[in-house]
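Subject: Handover of a structure for your study

Dear colleague,

Please find below the structure that I am handing over to you. My findings follow directly after it, and I would ask you to read them with the structure open.

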Amino acid sequence: MCKKELEGKGSEQGGIKMSVMTKPVNVSLRVNEKKTKDFLSVTRDTNAMLKRFKFLKKMELRAGKTEKDPDVAFLSGKINDFEKEIEER
Amino acid sequence: MQVKLLKDVCPLISSFHCGNKTLDEYFQNKALDDDDATTYCFLEENLKTIIAVSSLSCNGIITKSANKMSTYPAVEIKMFAVNDSYKGKTIEGEEEHYSDWCFNSTIAKIMQFTDNYCGASRVFLYSVPNAKHFYLRCGMHEFTDLMYPDDRPYFDRCIPMFMHL
């Protein structure tokens with residue numbers, strides 16, 4: 001994702017161009033205490049997800065996979081879940 | 001398109017170029033030995049060309065309220081890169097771009113994992129500035145305004161983004 005290249009002293013000595021991440025490695029995102037509600041209010045966009053999963057399934061079928069294929073079956077299951085969720089609103 | 005683990009198609013990665021030297025170097029030389037991430041390759045049906053690569057890692061999003069800290073389990077898309085020759089290219093007979101297809105397939109892969117093996121409700125990543133609009137189009141939300149203020153200096157030039165699964 002976001003990295004930048006730095007040529008530090010050590011890298012010059014070693015003759016190797018170092019790549020250093022601009023974010024600390026393996027750091028979690030921390031939410032501003034005052035924005036916790038805003039963060040939690042962001043929920044799944046089920047309609048968009050449904051559209052995307054339908055497209056993925058269409059492409060899997062176009063590639064020759066069948067409904068029995070585990071990847072297609074998973075996508076079908078999620079599509080059903082999303083449709084149900086939209087219906088129940 | 002076929003999705004394979006990098007370890008199963010590693011000879012192909014040497015010809016993968018995304019236009020960013022750092023990312024190319026990571027995928028070609030480090031990804032295979034990175035114990036903190038699993039790398040998936042999105043391949044053409046002929047299994048000869050890598051369209052895109054993504055590296056996934058377990059992580060979390062931390063909230064604090066009334067002195068109580070909570071961690072919401074999340075999957076971090078540590079790296080995502082599209083082959084230079086597929087950038088901006090649409091799939092034959094479709095309006096969709098290869099890049100969107102690969103990113104959405106990554107989300108589906110994550111959901112297979114979180115539904116069946118280890119739960120998590122969110123996905124996050126750090127975007128380079130010029131990829132922000134691509135990720136917004138793919139349903140990611142900008143996290144910058146929600147971020148713990150002290151963390152801002154750590155994310156110079158990076159845009160943290162997240163999605164609720």
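Strand 3 of chain B and strand 4 of chain B run antiparallel and are joined by 14 bridges. One of the pairs to look for is Asn59(B), whose bridge partner in strand 4 of chain B is Ala74(B). The two strands form a hairpin with two residues between them, and in its turn Ala66(B) has a positive phi of about 50°. Please bear in mind throughout that this is a predicted model.

Strand 2 (residues 38-43) of chain B is antiparallel to strand 3 of chain B, with six bridges between them. Here Phe42(B) stands opposite Ala52(B) in strand 3 of chain B. These two strands also form a hairpin, this time with six residues between the strands, and Leu47(B) takes a positive phi near 60° there. Strand 2 of chain B is in turn joined to strand 1 (residues 2-5) of chain B by four bridges, again in the antiparallel sense. Strand 4 of chain B, for its part, runs parallel to strand 5 of chain B, and three bridges join them. Within that pairing, Val75(B) stands opposite Val123(B) in strand 5 of chain B.

Leaving aside residues up to four places away in sequence, Ala81(B) touches Cys18(B), Asn20(B), Leu23(B), Phe27(B), Ala52(B) and Val53(B).

Helix 2 of chain B deserves a separate look. Its 19 residues reach 27 Å from the first C-alpha to the last, close to the 27 Å expected at 1.5 Å a residue. Several residues of helix 2 are buried, among them Tyr98(B), Trp101(B), Phe103(B), Ile107(B) and Ile110(B).

Is Ala37(B) partly exposed or buried? Ala37(B) lies in the loop between helix 1 and strand 2 of chain B. A residue needs 20 or more C-beta neighbours within 10 Å to be buried; Ala37(B) has 19 inside that distance, and therefore counts as partly exposed. Beyond residues up to four places away in sequence, Ala37(B) touches Ala31(B), Ser55(B), Leu56(B), Ser57(B) and Lys78(B). Ala37(B) and Val75(B) are 38 residues apart in sequence, and their C-alpha atoms are 10 Å apart in space.

I turn next to the place where the two chains meet. In total, 45 residues of chain B are in contact with 34 residues of chain A. On the chain B side, the elements that give two or more residues are helix 1, strand 3, strand 4, helix 2, strand 5 and strand 7. Strand 3 of chain B gives the most, with seven residues. By residue type, this side of chain B divides into 23 nonpolar, twelve polar and ten charged residues. Strand 3 of chain B also pairs with a strand of the partner: strand 3 (residues 29-30) of chain A runs parallel to it over two bridges. At this point Leu29(A) stands opposite Ile61(B).

Chain A itself has four helices and three strands, which follow one another along the sequence in the pattern β-α-β-β-α-α-α. Of its 89 residues, 19% count as buried. Among the contacts in chain A with a separation of 6 or more, 28% are between residues 24 or more positions apart.

Finally, a word on confidence. Chain B averages a pLDDT of 92, with 98% of its residues scoring at least 70. Among the elements of chain B, the mean pLDDT is lowest for helix 1 (90) and highest for helix 2 (97). For chain A the mean pLDDT is 79, and 71% of the residues reach 70 or more. Over residues 2-22 of chain A, pLDDT stays under 50, and the model has 32 contacts beyond four places in sequence for this stretch. For the complex, the predictor gives an ipTM of 0.91 and a pTM of 0.88.

Yours sincerely,

A colleague

How values were computed: Residues are numbered from 1 along each chain as its sequence is written. Chains are lettered from A and ligands numbered from 1 in the order in which they are written. This is a predicted model: local features need pLDDT of at least 70, side-chain atom pairs count only at pLDDT 80 or more; totals for chains, interfaces and linings use all residues. pLDDT is the predictor's confidence in each residue, from 0 to 100. Two residues are in contact if their C-beta atoms, placed from the backbone, lie within 7 Å. Ala, Val, Leu, Ile, Met, Phe, Trp, Tyr, Cys and Pro count as nonpolar, Asp, Glu, Lys and Arg as charged, and the others, Gly among them, as polar. Two strands pair if DSSP finds at least two bridges between them. A residue is buried if 20 or more other C-beta atoms lie within 10 Å of its own, exposed if 12 or fewer, and partly exposed in between; C-beta atoms are placed from the backbone. The expected span of a helix is 1.5 Å times one less than its number of residues.
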